[in-house]
Protein chains: 2
Amino acid sequence: MENVKHKKLLVVDDEPEIRQMIDRFLRNEGFSRIFHAASFAEALEVFHTVKPDLAILDVMLPDGDGFSLLSSIRQTSNIPVLFLTARGEDEDRLLGLGLGADDYMVKPFLPRELVLRITAILRRVYAPPQQERYPVFQLGSRLVDLESGIVSNNGDELPLTAKEHALLLKLYENRNRIVTSDALCQAAWGDDYFGYENTLMVHIRRIREKIEVNPSKPEFLLTVRGLGYKLMVRGDE
Amino acid sequence: MENVKHKKLLVVDDEPEIRQMIDRFLRNEGFSRIFHAASFAEALEVFHTVKPDLAILDVMLPDGDGFSLLSSIRQTSNIPVLFLTARGEDEDRLLGLGLGADDYMVKPFLPRELVLRITAILRRVYAPPQQERYPVFQLGSRLVDLESGIVSNNGDELPLTAKEHALLLKLYENRNRIVTSDALCQAAWGDDYFGYENTLMVHIRRIREKIEVNPSKPEFLLTVRGLGYKLMVRGDE
DNA sequence: AGGAAACCTTACGTGAACCTTAAATCGGAG
DNA sequence: CTCCGATTTAAGGTTCACGTAAGGTTTCCT
């Protein structure tokens, strides 16, 4: 994950004291590359020279308004833009967002909220496209990593097969609760499966051989006779 | 640019009439794939089954609160989340945004604004990746430089082709995690691809010939039978 | 206790999933 | 148009994850 604090921010506001205030808040939160502009013209100037990564715009400017500034900017760039202005009427917000702003905050504002919203935007912009995440969790001394499909126990790593992965995922999603054999079969084979029920037992056994100290005396993946199985995980939630 | 109106939205709110209202507004604006959940438990359930592209969460739920729901969701996914709730105190907004929400709206709200904010988020998520810088990383003794598209091994330099570059990028972005064959195909060929799956294998083989000491005994680019591939990179986070 | 039902354990054969190589095809530059 | 590298198709080879089976063990009820 890229660090969002190194990004270049441009603050456009005609009142120097407000710019200073915003600047201070942002620096307090770890942002260091902050540029200022006091007018429409200056904003365009700075925009082209420093090429900021995100712009915080006021609506009221001496030589124009923030909305048309955004329009100008959007012709050549899709830089993230957050409006921060005293103009908080419904129409203003709709206009700003409709023009393609990423967020719209009304003054007076919470500095911390400004930082969080900036972070939220930058997080999205620079997040590499990630696929679905799988859980990673601890069972006793072993780490079950469904992300990489590996169970590791002080050094040695045991890879999980596709079926083991599917079953462990289902079990973990319903951790500390009973999961019926039917539900497990469905998770691993889909709705339509008519194989032997023994098959599931064999896979459970194989999982136990990877996650249990003694597969025949399971501590984590327990049998609930007549119902199914349950994975006991302590700690998180 | 992908059309944002086809994305799957999940609306979590305990009051059916509010869900209906939101649903109606969204459909008016062109969204068609809208799913509902009335409780924490139902939300998690729907979340896992339909895998929505964005979630609109209420804070107050009969069996929990939206904040812990977001925490649960964030363990396995970085899906965009927008809070829409009557809880509009400063602390609530800071908490919600601090937990990783993308936006926070307070009821009563303008339907049009909700749509604009959802659109703003989805626009960012599905925008083509911003960063013009590609990663450079080490695999054993070889340096994989996606910036210049060259794999170098003490002296000799092997150039990467377009497909190899795309695949390696996707693998590196999800390093140490299983990447499904589908995801890889999508990264290299786009959503609509109906060629032979063998094609992917051939490209994987080519990559292995450039990054592995022994392409037939891969150390870095490993197959996970039945699931896909994973690129094991040690070190940098 | 006896017996049956549910579950465990181990081993093995098989074929889907994957590998490998080469030849065919595509597509851009000259 | 021709060439050449990049990419895809094709076909035969390999392997290992999975399902099956069969005998064993535990649990529970009469």
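Strand 10 (residues 150-153) and strand 11 of chain B are joined by four bridges and run antiparallel. Within this pair, B:Asn153 faces B:Asp156 of strand 11 of chain B. Helices (H or I, at least four residues) and strands (E, at least two) are DSSP runs, numbered from the N terminus, and two strands are said to pair if DSSP finds at least two bridges between them.

The model is predicted: local features need pLDDT of at least 70, side-chain atom pairs count only at pLDDT 80 or more, and totals for chains, interfaces and linings use all residues. Residues are numbered from 1 along each chain as its sequence is written, while chains are lettered from A and ligands numbered from 1 in the order in which they are written.

**Sheets**

The open sheet of four strands in chain B has the order 8-9-10-11, with antiparallel pairing. Its edges are formed by strand 8 (136-139) and strand 11 (156-159) of chain B; each has a single partner strand, so one side of each is left without a neighbour in the sheet. Neighbouring strands of this sheet are turned by 20° against each other on average, direction ignored. Axes here are lines fitted to C-alpha atoms, for helices over the stretch in contact, and angles run from 0 to 180 degrees between N-to-C directions.

In chain A, an open sheet of five strands shows parallel pairing in the order 2-1-3-6-7. Strand 2 (33-37) and strand 7 (103-106) of chain A are the edge strands, each with a single partner strand, so one side of each is left without a neighbour in the sheet. The twist averages 20° from one strand to the next. Strand 1 (residues 8-12) and strand 3 (residues 54-57) of chain A run parallel and are joined by four bridges; A:Leu9 has A:Leu54 of strand 3 of chain A as its bridge partner. Helix 3 (residues 66-76) of chain A lies across strand 3 and strand 6 (81-85) of chain A, at about 170° to strand 6 of chain A.

**Backbone geometry**

Most residues other than glycine have a negative phi, and most peptide bonds are trans. The table lists departures from this pattern.

| Site | Feature | Value |
|---|---|---|
| A:Lys107 and A:Pro108 | cis peptide bond | omega about 0° |
| B:Lys107 and B:Pro108 | cis peptide bond | omega about -5° |
| A:Lys51 | positive phi, not a glycine | phi about 50° |
| B:Asn176 | positive phi, not a glycine | phi about 65° |

A:Pro108 is located in the loop between strand 7 and helix 5 (111-126) of chain A. B:Pro108 occupies the loop between strand 7 (103-106) and helix 5 (111-125) of chain B. A:Lys51 is in the loop between helix 2 (40-50) and strand 3 of chain A, and counts as exposed because it has 11 C-beta neighbours inside 10 Å. B:Asn176 is placed in the loop between helix 6 (162-173) and strand 12 (179-180) of chain B; with 14 C-beta neighbours inside 10 Å, B:Asn176 counts as partly exposed. In these terms a residue is buried if 20 or more other C-beta atoms lie within 10 Å of its own, exposed if 12 or fewer, and partly exposed in between, with C-beta atoms placed from the backbone.

B:Glu15 is found in the loop between strand 1 (9-12) and helix 1 (16-28) of chain B, and is exposed, with 11 C-beta neighbours inside 10 Å. B:Glu15 and B:Met60 are separated by 45 residues in sequence and by 9.9 Å in space, C-alpha to C-alpha.

**Nonpolar cores**

A nonpolar core is a set of buried Ala, Val, Leu, Ile, Met, Phe, Trp, Tyr and Cys residues joined through C-beta atoms within 7 Å. The largest nonpolar core has 67 residues, of which A:Ile56, A:Leu82, B:Ile56 and B:Leu82 touch the most other members. Another core, apart from it, holds 24 residues, among them A:Leu139, A:Val151, A:Val179 and A:Phe220. Beyond its neighbours within four places in sequence, B:Ile56 is in contact with residues including B:Leu9, B:Val11, B:Ile22 and B:Leu84. Contact requires that the C-beta atoms of two residues, placed from the backbone, lie within 7 Å.

**Interface and confidence**

Across the interface, 37 residues of chain B are in contact with 35 residues of chain A. On the side of chain B that touches chain A, helix 3 (66-76), helix 4 (90-98) and helix 5 of chain B are the elements that give two or more residues. Helix 5 of chain B provides the largest share of that side, seven residues. The residues on the side of chain B that touches chain A comprise 13 nonpolar, twelve polar and twelve charged. Here Ala, Val, Leu, Ile, Met, Phe, Trp, Tyr, Cys and Pro count as nonpolar, Asp, Glu, Lys and Arg as charged, and the others, Gly among them, as polar.

The predictor assigns the complex an ipTM of 0.82 and a pTM of 0.82. Chain A has a mean pLDDT of 94, with 98% of its residues at 70 or more; pLDDT is the predictor's confidence in each residue, from 0 to 100.
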